[in-house]
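Have the viewer open as you read.

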Amino acid sequence: MPLAVDMRHIRKFFPSSSVLACDDVDFAVEQGEVHALVGENGAGKTTLMNILYGLVAPDAGQIFVHEKLSHIAHPNDAIKLGIGMVHQHFKLVPSFTIAQNILLGIEPNQAGFINNNDEADIVRRLSESFGLPVNPNARVADVSVGMQQRVEILKTLQRNAQILILDEPTAVLTPQEVRELYTVIRKLADDGRTVILITHKLLEVKEAADRVSIMRRGRMVATHSVADVTVREMANLMVGREVILRVDKSPATPGDVVLKADNLLVAGAGGMPAVFGVSLEVRAGEILGIAGVSGNGQTELVEAITGLRPVEGGTISLLGQDITHASVRKRREIGLAHVPEDRMEVGLNLKTNLDENVVVTHYQDDPYSKRGILRLPPIRKLAQQIVDAFQVKSARVGEEIKTLSGGNLQKVVLGRELYGNPRLLVVNQPTRGLDVGSIEFVHRTLIEERDSGAAILLVSVELDEILSLSDRIAVMFRGRIMDVLDAEAANEQDIGVLMAGGSLETEPAAAQKV
Amino acid sequence: MIEFLNTYSRQVRIGLMIAGILVVLLLLVSLPMTLLQSSIRLATPYVLGSLAALLASRAGVLNLAIEGKMLLGAFVAVVTVYQPGVLPGQGRDPILGVLVAALFGGGLGLIFAVLYLRIRINLVILALAVNLFVANATVFFMRVLFGAFGTLADPSIRSLSTLQLPIIHNMPFMGPLLSGYQIVVYLAWVMVLVVWVLLFRTQFGRHIRAVGENREAAESVGINVTRVQIFALTLSGMLAGMAGAFLSLGVLSQFVENMVSGRGWTSITISLFAFEQPVGAFFTALFFGLAEALSFYLQSRPEVNLPPDLLLALPQIATITALVLVALRIRAAELMKRRTFAQQFGHELDKLRRGVLTSGQD
Ligand SMILES: Nc1ncnc2c1ncn2[C@@H]1O[C@H](COP(=O)(O)OP(=O)(O)O)[C@@H](O)[C@H]1O
Ligand SMILES: [Mg+2]
C-alpha cells in the first residue's frame, strides 16, 4: 500500500513549558487504513498531529503527503492536501447553526453575499451521502456533544478530506456513541480514506484500528499491526515498564458521615441539568470513587460540592453543617480540601512562585500573616516543608513553578491541600497526564490520607484508578448515579454496563434502550 | 414578583414593547419639533461611534480608542477646510473634510491594528495611549501650525450642507422630522444598514463574527484572523473619524480642544447596551441624542429653574443609567434562568422520585 502520510525526524520543543513534545519522531500511515496513535497524556500525540495539520510549526523534520514532500505552514495548506482534523476540543462557533459551522470559511456566495437556504441544502445532501444525519438549522450550542462531533467530521468531509485525524474522539462519548463512531470510521476507510485515530484507550485500538503507533514522552517507540500485539504489550510500551494496577491497601474502617449530598440539582452549560438528583455519602476513612465517561456531570458535581458552581436544588452538608450555598472559604474552614481537575488553570497560579502557591489557602491564618501583612519567613518554611515531604523535585522556595513537570505540580497542589489535615478531600482526575512514578506517589498519598481518617471523594475517568483506590464505587451517567457498588465485589464489566446507562438487574434490555 | 414575571414572561415582554412604542410616539407628538430635530442631529456621532465600537468588538477586539479616533477626525476635518484669507463661504467643501477625517481615522485604526496584532502590544494600554496621544497632539499642532490656543476657527470654515429628501420633504410632520439634515446624518443611517448587511448577510461578516466568537474555530478552517481583525479595526476607525468630523464641521464649524468630551466612551456603552446589534445601537444612539439635545434645550429656557451644571450632565447621567441597566439586565436574565431551571427540573425530579416510590422499587 502507498503511504498517505510519512513524517520523518519531526522535532518540536516548546520553550514556554520547556517540553520536548516531539523528539525525532518518524510516523508513517498507509492509505486506506485506520491507524491508531496511542500514548499517555502529554506523550506528544496532539502536537505531532497539529504539526501535520499546520497548526504548529516543527523545529525540524520533513512531511511527505501521498509520497510528495509537502510544506504545511498553515491549516489551509493541509486542507489543500486533503487533510482534515477533528480536534480534541471542538472548534465550533456556538451561536452559528450546524450548516454555518460546516461551511465556515467555504460559504457558497454570490459576490460575497450568502444565502442561508443554499447552505442548509448543501449540508443536507452532504449528511445524506455519508449517512450522518444532522439538522442543518439547529444551533450548535443547543445540540449534544456527540452531535457536535458529527458536525466536526462533516466539516472535514465537506472539504473533501482524504486523510482524517481524530484527536481522542471517544473521550466525550457514551459507549453507544463510540460504537456508532467506529462504524463511521470503518466506512470511511472502506471508501479509501485514511483515518488517524488518537486515543489512550487500548481496548478501542483493538476494536477499531488496523495498525497502531505508540508514543512515549515525545518519542515514537513502536509501530505494529494491531493483530500482532496484545493490550498488555501496548500498555507496557506506552508507559515504558510493567504496569502496576493494584495498589496495596488494607480494608477501610469507615467512621462517621463527613459529606452528605441529598438530591442535588446543578445546571450545566446550555441550560440543561448536569447533575440531576444525586445523593451520596462519604464517611471518614473511606474513598468513594465516582466512575463514568467524561462529561456525565462529574465535574459539575465536584464544582457544586467545592463551592465553585451554584446549586439549584437539594442540599449538601459537611460534618453536619449545611454548606449548600456557603462560600468556598467557609467550606475550607469546616475542613474541605480540593485537588481540581485542571492544575494549570485552577489548581495553581503558574504566573507566580512556589511560596504564594502554597500559602494561598492559609494566608490569613496565624503565623502567615499579621494584621493584613504577609510574613515571609513562616511562608518560606511552609513551602520548604511541602517540598521536602512531597519530594517536589527541582522546586525551590521563592522561585517560579511554571517550569515544573506535571507530576511535580500535582505534588505541590496535594501538599498544599493536605496541609492542615482536611476532613474531606475532593480529588478530580488526580493523575491525568502524570508519569508512572508520580501516579504511584499520588495513589499512595491518597491511601495514607484515607488511613489517617480523611473522607475522600475521588472522581476519575480512568476505570483502573477507580477500581484500585476506591472502597465504594458510584457510577455516574447523564447526571445521575446509576448504582453504588462495593469495590470488593465490583468488576469492570458491571461498571461498564452502568457507565453506559444500563442497570445490573435488567442488564440486556436497559443497555439496549440507551 | 419574579413568579409573576415567570408565568407571564411572554405577556410582559409584549407589554414592554408596546409601552416602548407608546413612549416613542408620545415623545414624537409631545416634544417640540426643534428638539426632535436637534436630537436626531446630535445622535449622529453616537450612531457612527457605536457602529465603530460594535464592529471591532464583533471581531473580538475591544476598541477603547474610539474617543481618540473621533478627536483625530474632528481635528483633521477642520484642518482640511481651514483656509485663512479666503472669503467666508468660499472655502473648501466640508464634505472633503469628512472624507479626510475618515481616511485618518481608518489610518489610525490600521496602525492600532498592526501594533496590536503584529507587535502584540496590550490592547487596553495601546488604546489609552492612543487617546492620550491624540488629545495632546491636536493641541500641539494647533499651536505650532496655526498659532491657535484652545480653538481653531476661521470664517472660511463652512458647515456641512443640508439635504432635502425628495417626496418626504413635502409631507406634513415627516418632512421636518426626517428631511433637511446634513449629509453625514444620512450617511450615518446608511452605515447602520451597511454594517448590518456586512455582518449578517455577507461571507466576510460571517467570518468577522466567527473570529469574535471563537477565534480558534476560525483559524482551524483557514480564516485569516489577523486580516479580519485588521479590516474590522480599520473600518471601525473610519467610522469613528467620520463621527468626529461631524462634531467639528456639522455642529460647531470649528475645532475646540478635547471637543469629543467622552462621546467615544459613551459610544462603547451604547454598543454594549444594544448587544452589539447595529439597529439596536441606532435607536439607543437616538436616545442619547435626545438626552444631549434636552440639556441644551432646557438651558435655553429661562423658565426652567435647574442648575446649569446638572443640565450639562444629562448625557453623562444617561450613560451611567444605561450602564446600570446593562448590568441589571444581564443579572436579571441570569436570575430568571436559574429560577426557571430550578422550577422545571426540580419538578421533574420530584415526579421521578414519586414514580420510583409508587412502582415499589427501592
Ligand atoms: N502550545 C504549547 N505550549 C507549551 N507546551 C505545550 C504546548 N502544547 C503542548 N505542550 C506540551 O507538550 C507536551 C505534549 O502535549 P500533547 O501533544 O498535547 O500531548 P498528548 O496529546 O499526547 O496528550 C505536554 O507536556 C504539553 O504540556
Ligand atoms: Mg492530546
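What follows looks at the interface and then at aromatic pairs.

Keep in mind that this is a predicted model. Start with the contact between the two chains: 27 residues of chain B touch 40 residues of chain A. Together the chains bury about 2,800 Å², and 58% of that is on carbon and sulfur atoms. On the chain B side, Q203(B), R206(B) and F341(B) lose the most area to chain A, together 24% of what that side buries.

Polar contacts across the interface come to 13 residue pairs. As for where chain B's side comes from, α8 (183–201), α9 (203–213), α10 (215–220) and α15 (314–358) each supply at least two residues. The top contributor is α15(B), with 9 residues. Sorted by class, that side of chain B has 11 nonpolar, 7 polar and 9 charged residues.

Now for the rings. Over all chains, there are 15 aromatic pairs. Take Y368(A) and Y419(A): they sit edge-to-face, 6.5 Å centre to centre with 70 degrees between the planes. Y368(A) lies in the loop between α12 and β19 of chain A and Y419(A) in the loop between α14 and β21, so the pair ties together parts 51 residues apart in sequence. Y368(A) is buried at 6% relative accessible area, while Y419(A) is partly exposed at 32%.

Over in chain B, Y181(B), Y186(B), W189(B), F282(B) and F283(B) form one aromatic cluster.

Technical notes:
Residues are numbered from 1 along each chain as its sequence is written. Chains are lettered from A and ligands numbered from 1 in the order in which they are written. This is a predicted model: local features need pLDDT of at least 70, side-chain atom pairs count only at pLDDT 80 or more; totals for chains, interfaces and linings use all residues. Side-chain values use heavy atoms; hydrogens and water are left out. Contact means heavy atoms within 4.5 Å. Buried area is the accessible area (1.4 Å probe) that two parts lose on being put together, summed over both. A polar contact is a pair of N or O atoms within 3.5 Å; within protein, one must be able to donate a hydrogen and the other to accept it, and residues adjacent in sequence count only if both atoms are side-chain atoms. Helices (H or I, at least four residues) and strands (E, at least two) are DSSP runs, numbered from the N terminus. Ala, Val, Leu, Ile, Met, Phe, Trp, Tyr, Cys and Pro count as nonpolar, Asp, Glu, Lys and Arg as charged, and the others, Gly among them, as polar. Rings of Phe, Tyr and Trp (its six-membered ring) pair if their centres lie within 6.5 Å; planes under 30 degrees apart count as stacked, over 60 as edge-to-face and the rest as tilted. Buried means under 20% relative accessible area, exposed over 50%, partly exposed in between (1.4 Å probe, protein chains only).
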